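Dear colleague,

I am handing over the structure we discussed, placed just below, and after it you will find my notes on what turned up. Please read them with the coordinates open beside you.

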Amino acid sequence: MSPSRSPSGFRLGLLVAAAIILITSCFALVPAMAADSLLSQGRQVTVSSSENAAFGGGNAVDGNAGSRWASAFADPQWIQVDLGASAAVSRVVLSWEAAYGRAFQIQTSADGANWTPVYSTTTGTGGTQDLAVTGTGRYVRMYGTQRATAYGFSLWEFQVYGSTGTAPGCDTANAALGRPATASSTENAAFPAANAVDGNAGTRWASASGDPQWIQIDLGSVKRVCGVTLIWEAAYARSFQIQTSTDANSFTTIYSTTTGTGGTQDITVDGTGRYVRVYATQRATPYGDSLFEVIVHTGVPATPTPPVTPTGDPVPPDPGLDRLLSYGKPGVASSSQSDGNCFECTPARAFDRDLASRWATSSTTGWVDPGWIYVDLGATAQIHKVILQWDPAYAKSFQIQTSPDAANWTPIYSTTTGTGFKQTLTVNGTGRYVRMYGTQRSSIYGYSLWEFQVWGTGGAPITPPALPADPRNPPQLVWSDEFNTGAGTKPDASKWRAETGPGVNNELQYYTDNANATTDGAGNLVMEARKETTAGSACPGGPCQYTSSRINTYGKFNFTYGRVEARIKVSGTKGLWPAFWLLGADFFDQGRPWPYVGEIDIMEHLGREPQTVYSTIHAPAYFGGGGFGSPYSIAGDFASDFHVFAVDWNSQGMRFTVDGATIHTVDRASLETTRGPWVFDHPFFIILNNAVGGDWPGPPDATTVFPQKMLVDYVRVYQ
């Protein structure tokens, strides 16, 4: 954190001093392997049934006392947790919702099929039941045979305590010390990921101010991970996971919490992997996530592994397994552009796996043939695939070439009918350098690539950050606002922040600090547009003649993928422009301009078209009037009743619906080959607004009626 917004130097000094003492002791001690450790939190759960998608089994082991599992309304019902390894179970804590079990058993199993009761009652009391038990098994189940109410069985938390008794024990050494570390972001160059594994309590890693964030450590070979110590700076994570992976692509969660305490956390885990990642999903402060140190303790490797490659040498890939070889590697080009149309469009932008940044030849000297760009893979590689994601300035004729020395080139692919957009080319060649050599442009402009990926074996690959995981199936409710507060209540400040000031797109309203947004006492948020002048403001034509409301969840709830839905009754008169949409969090996190951040418009309504709504996505290659979307019309007026507007979004595409009817679909593969890059694999936040005027709806006229209310019954996100 920069000094201008850091906690006081006095506080930071105390933290550093404390961390030095703690870090010294941590290097000598192993995280406690207590006989009464919480084993169930964040583990895999299966259930006999769920009342609905909002009450899935995972809610009972997430450490969140505000979420719960609820079953169907019948006997028997059960919930079981997989502890990941055989454990000696000593205690089970059941935190019941009002729908509790009158008769139930606690059972253990070695295989999830054959069960042994370790506790039984026919006089369950509900509330919180702390049960002393004695049993052994990998699986623990609450098996309910008689409900106490007409409803199902419902648990806020299902906690299993005990000891895995794994052998051999944890090594006292820090397996992460000095190992390669990468992170999702850094606040600035002073706080790199390497600071968290250097053994120095006075240095730290700090992320950008956004969720999620992560730091990942390469242990060098597959190991059994049995303990992790996190020494947090004041900017700690409230919710985070400890994850392991063998390939830095697919991760397994071995610990999860939504009640992180900060300070020093000694965490007993049991997992296997070469890579260990701290994946933080909710910050405890407005700042980023910051760790003085990540300490990893290991036991004997779960499986034999090859010797660790000496630090600094390329890591040999698995034989026959193609990898992305070009990520983060240095590039060289015939020229590059840097002006108002393409700022710092350098060769490196083509190798950053960021589809919203690009390389382009110079606008003053580079709109000529030939034009080229090459990447240094760091060592000789066998090249099997090249992926080119072109900007509209693409190559009609080009070659893919390889070279051992960046001087003598061998063509391995050639075409005179380049198509632009995304081209996936199967090739076969060998070399340290790979070049796209363009000989004929498709237009008067130069050459430009959003992404230039080289896949194969060998080289000296850098593992890119893992992409977000797709939503679970079935999805579970992870965030919502039902607006069930008393009349006149402002939007919940823990969930929403007001955007104030004039709008964009030549809008005519002034957005107030929630003076135009309150609940009505009937379960709705009212966002009211009024005809009233804001003195000292500036809108097209003079002071803003209207006021209204715009609120968002940035910094309070940012997320990637899921089902996002809201039940809304739109305002409906000429010149009004109500909307429900998502914007990339890097708009604020990094100050990145629109449309590079991506925009997902779930619903836009124009007062002059009462029967129609629009769903659209925007990205650098398709935005504004060229955005990719569809209208949807009904026989009546959308302003006359509530409707449910939703998008289902994952790594492969999106589906937009109104009242369950599909109105627009986005297939990622098709989009990339016909419109341009997909830029939706990062966190977004929710926006609700009720705009007046603007380029698209036009201004109010003599027929316009004020005030105009946009009513929101609820907003929900499932993942």
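Strand 21 (residues 371-390) is largely enclosed by the rest of the structure, because 14 of its 20 residues are buried; buried here means under 20% relative accessible area, exposed means over 50%, and partly exposed lies in between, with a 1.4 Å probe and protein chains only. This is a predicted model, in which local features need pLDDT of at least 70 and side-chain atom pairs count only at pLDDT 80 or more, while totals for chains, interfaces and linings use all residues. Residues are numbered from 1 along each chain as its sequence is written, and side-chain values use heavy atoms, with hydrogens and water left out.

Strands are DSSP runs of E of at least two residues and helices are runs of H or I of at least four, both numbered from the N terminus, and two strands count as paired if DSSP finds at least two bridges between them. On that basis strand 21 runs antiparallel to strand 24 (residues 422-441), to which 14 bridges join it, and Gln382 stands opposite Thr430 there. Nine bridges join strand 21 to strand 25 (residues 448-458), again antiparallel, with Lys385 opposite Trp455. Strand 17 (residues 331-333) is also antiparallel to strand 21, through three bridges, and in this pairing Gly331 faces Val375.

The end C-alpha atoms of residues 469-719 lie 10 Å apart, and the span is 4% helix and 42% strand.

Seven strands form an open, antiparallel sheet in the order 27-33-42-35-36-37-38, and its edge strands, each pairing on one side only, are strand 27 (497-498) and strand 38 (628-633). Within this sheet, strand 33 (residues 550-552) and strand 42 (residues 684-692) pair in the antiparallel sense over three bridges, and Asn552 stands opposite Ile687 of strand 42.

The aromatic contacts may interest you as well. Rings of Phe, Tyr and Trp (its six-membered ring) pair if their centres lie within 6.5 Å, and planes under 30 degrees apart count as stacked, over 60 as edge-to-face and the rest as tilted; by this rule the count comes to 30 aromatic pairs. The rings of Trp479 and Trp496 have centres 5.6 Å apart and planes at 75 degrees, so this pair is edge-to-face. It links distant parts of the chain, since Trp479 is in strand 26 (residues 477-481) and Trp496 is in the loop between strand 26 and strand 27, 17 residues apart. Trp479 counts as buried at 10% relative accessibility, and Trp496 is likewise buried, with a relative accessible area of 3%. Both belong to one aromatic cluster, whose members include Phe483, Phe557, Tyr561 and Trp649.

Phe588, in helix 2 (residues 586-589), is partly exposed, with a relative accessible area of 32%. Asp520, in the loop between strand 30 (517-519) and strand 31 (525-531), is partly exposed at 31% relative accessible area; Asp520 and Lys490 are 30 residues apart in sequence and 10.0 Å apart in space, C-alpha to C-alpha.

With best regards
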